[in-house]
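Dear colleague,

I am handing over a structure for you to look through. Please open it first, and then read the notes that follow beside it.

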Amino acid sequence: MANENGNAYALTTLCPLLEVSGEDTSPAALIRDRLHRVNTGASSPMAKVPNVYFCRFLILDDVIYESKPHRLEHLQSQYLVFEASLHGQLAPYLQGMWEQAQPFVRSMWQFCVGFSEVNDAASFTAYIQKCQVETTFFFNGSTDEPLAEQLKSLYLKQEFSKFAYAHQGWSGKDLQVAFEDFIARVEPANLARPTWRAGATDLKGVVIP
Amino acid sequence: MAPVLDLHDIQGNIIKAYPRFGFCCSRNFFFRVSDGDAGRAFLSALIPTVTTAAPWVSGGAAVVDSKRPKITTNVAFTFEGLKRLGVPQASLQTFPEEFAMGMTARRDILGDDGPSAPTSWDPIWRSADPVHIFISINASNQAALEQRYQEILALSPKSGLNLLSGHRTASGVELPYQDSSAIFDNGEATSREHFGYTDGVSNPYFKGAGTDSSNVIGGGKATGKDARTAAGWAPLETGEFLLGHKDEAFEYPEAPIPNLLGDNGTYLVYRKLHQNVGSFDAYLARVGAEFPGGSEALAAKFAGRWRNGAPLTSFPTEQKANEFSARWASAKLAIGQAKTQAEREAAKRRFSALNTEFVAFDYTDDIEGTRCPVSAHARRSNPRSALEFGNKGAFAGPSSLSDRRRILRRGLPYGDSQSERKDDGEHGIIFMALCASIRRQFEFVQQQWLNYGNDFRLGNDKDPLLGNQELDEQGNADGRMVIESDPSSPTPPFFCAKLPRFVETRGGDYFFVPSLTALRMIAHGIVDPT
C-alpha cells in the first residue's frame, strides 16, 4: 500500500475550508497567518507529538492552469493540506497528536468543513481518515524505527565520535575503563535520556541531558 | 571539434598562469568611478596596455618567444563598476545574481564568519562604496611593476576616478595597492606558499586554450581509461571558463546581453586569504608527534600532496616523494647543462615527463582514502573521479560530478612569514579563481566541498587547510579530520581533533573580466542590449 513503507507511514489529508470565517478575513488567510507565526524546530507544537518524522501544513487555493491546450479547471473549495511521515500506524499517531497538541490542532482545523463535530481523539481520528487521500510515490528519507530510537541513535553516534577523537592512542586497558564510563554516561538502552530533542534543526542545545 | 578561440580577444590572465612564465611579482589595485565619462576615458587609454591571450611563442621548432611582454596588465569590473561606467540597466539585469550581489553579500554562502567576517577585512573592502575597477599587473621584478603602475596612474584623469587605498601591510601603513609575489629562496622564485606547500600544481585544461596539449593529463576530465596516460583524460568544454562557448551541460553558460558583452569574457573571484602560520606549525608539531610518519606526513595528509607537490596517491611515502623530487630537480638542472640542442630537447622531454607525474593520477585505486585522505584539500577541491566511490558507470563520465565545478586558479603569496612564524601580521595568499559561473563553480566548491563534507560522506567535517572550522562551547578550536587507514590492516584510522582555522578571509569581491571587444564597448559607452 502506497501509504506505508516498512514501519513508516505517509499521511496525506485534504480538508475543505469553510467559505467564511465569521471574521473580517477569509479562512485561508487566517490559517496562513497562523501558520506563518507558528514556532518551528524544537519549539514547534508538532515536536511534542510522538513519532512524527516530518510534517507540513499548507493551503491549497486552486489547481494551476497550465496554459493551452489544457483546460482551465477550478476546485470547489480551498483546502487545508496536512502531510506527515510518521512511525507506526495512523490511529495511535492521531491520538497522540490530539493529546499532545490539541490547541494547535484546533487552531489549524477551526475553519474546516465538519471540524466543529470533532470533540475527542476518536472523532479527530475519524475526521482525518475521512479527509485522507492515498499518498503516492512515498519515499521515506530515514530509517523506519520509532522516533525515540532514531534520536537516541543520532545522539549515540555523535557522542561516540567525540569519544573516539578524545581517546585516540589510549592503551587498551585505559580505553576499556574510559569506554565503560562512556557507556554508563550515554545509557544506550535508555531512550528517554540522554538523547536528542525532537524537532531540533541545530546542533546547539540539541542534547537532552 | 575544438573551437578556435580568438586569443587576441581574450584577456591573458584567463589562459596563462603568469607566474609559470616568470611573472612572479604582482600588483593589484582598484579604482572607484565617480564620473562615468572620466572612467570611460581612463579605460580607453588603458586598453592598449591590456595583455591578451595571444601566444608569446612563434617560429615552430626554433621557438622564439619574441612576443612575450615585459609586464602584463589585466582589467576587470564589479557589478557596481559596470553600472557606474554606464552599462545600460537592461544589460546589467542580465548578469547573474551572485555577481550583482558581490562577495560581502554572499558571506554566508562562502562561510566568511567569525574572524573571516567582512568586519575584519581590509578597509578597502569594508567601505560602503564598493570598488569598481580592478587592475592587476604582473612582472618578473618589482622595478618593472612600479614602472607600469606609475604609467597607469598617469593615465587616470584628475577627477572622476579615485585610486582606492585601504590595503593593510605589515608595517601598519595602508597602501593603495596590494602586492603579491612568489616566495624567494636563495634569490630564486619558488612556487611555495606560506605553509610550505608547492601551490598551483594542477589547473583545468579546456578546449581551445592553445596551451601545451600534454596539460590535458590531470587537467581535463576523466575518460575512465588509465589516469597516468593521456588516454585517461579529455579537455573540458570551453564554456566552463569562457562565456559564449559550449559548456559541460551542452549549453551556453548564463551570460549578459548583448552577446558581445559576454562572449570571450569570464568571472574572477579575488580573495585576500590570511594564513595562520603559527597555528599551522604548532598543530603539525603537536599532532605530528603522535601521527605515524610524523609532522611532514601529516602535512601531506592535509593537502593530499607532499609539500614538494608530489601527490600522495602516486607517492604514498615520504621517501618515494623525496626520490621523485630529487629526480625532478636533477632533470631541471640537466636542461641548463645540456651542451647541444639535441641534448637540451631530450632533457626537456625528460623534465616534461616528470612534471606530468604531479598530475597524472586519480583516486580510482584509493577509494577508501588509504593513501590520500578523502578529506584532503586537493581531493575535496578537485575530486577527479572520486565521487563515483568506485561505482564505475554511475554517471555519464567518471568525473561528471566534478566537471562542472572546476576553477582556474591564479594568485600569489603576499607578505613575509619566514622571518617570524606567527599568526599575527600580514601574510597569506591573494587567491583568484576564474570560471564561467561563480555560483556553480567557485561558490559551490567553497560551500559544499571545503566548508562541508556530505558529498564525501564526511558529515560536517570541513577542509583541514581552508575550512572555516568552528569553536566548541568553551571557545576552543573544534575542527576535525579523519585520516583513513587501510581497512585490511590492523592500524586504526587517525583522528585530527581540535583543528583551528588556518586560513581567514581578509577581503575580496567578484569581478567580470570582459573580452577586448567588450572592454572597448564599455570604454566607448556603446553597450546596446536592444
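Which domains does the domain assignment of chain A give? The assignment, whose bounds come from an automatic or database domain assignment, gives domain 1 (4–133) and domain 2 (147–208).

Before going further, please note that this is a predicted model, in which local features need pLDDT of at least 70 and side-chain atom pairs count only at pLDDT 80 or more, while totals for chains, interfaces and linings use all residues. Residues are numbered from 1 along each chain as its sequence is written, and chains are lettered from A and ligands numbered from 1 in the order in which they are written.

The centres of the two domains of chain A, taken over C-alpha atoms, are separated by 36 Å. Their contact takes nine residues from domain 1 and six residues from domain 2, where two residues are in contact if their C-beta atoms, placed from the backbone, lie within 7 Å. On the side of domain 1 that touches domain 2, five residues are nonpolar, four are polar and none is charged; here Ala, Val, Leu, Ile, Met, Phe, Trp, Tyr, Cys and Pro count as nonpolar, Asp, Glu, Lys and Arg as charged, and the others, Gly among them, as polar.

As for confidence, chain A averages a pLDDT (the predictor's confidence in each residue, from 0 to 100) of 94, and 100% of the residues score at least 70.

Between the chains, four residues of chain A are in contact with four residues of chain B, and the chain A side of this contact has two nonpolar, two polar and no charged residues.

Best wishes
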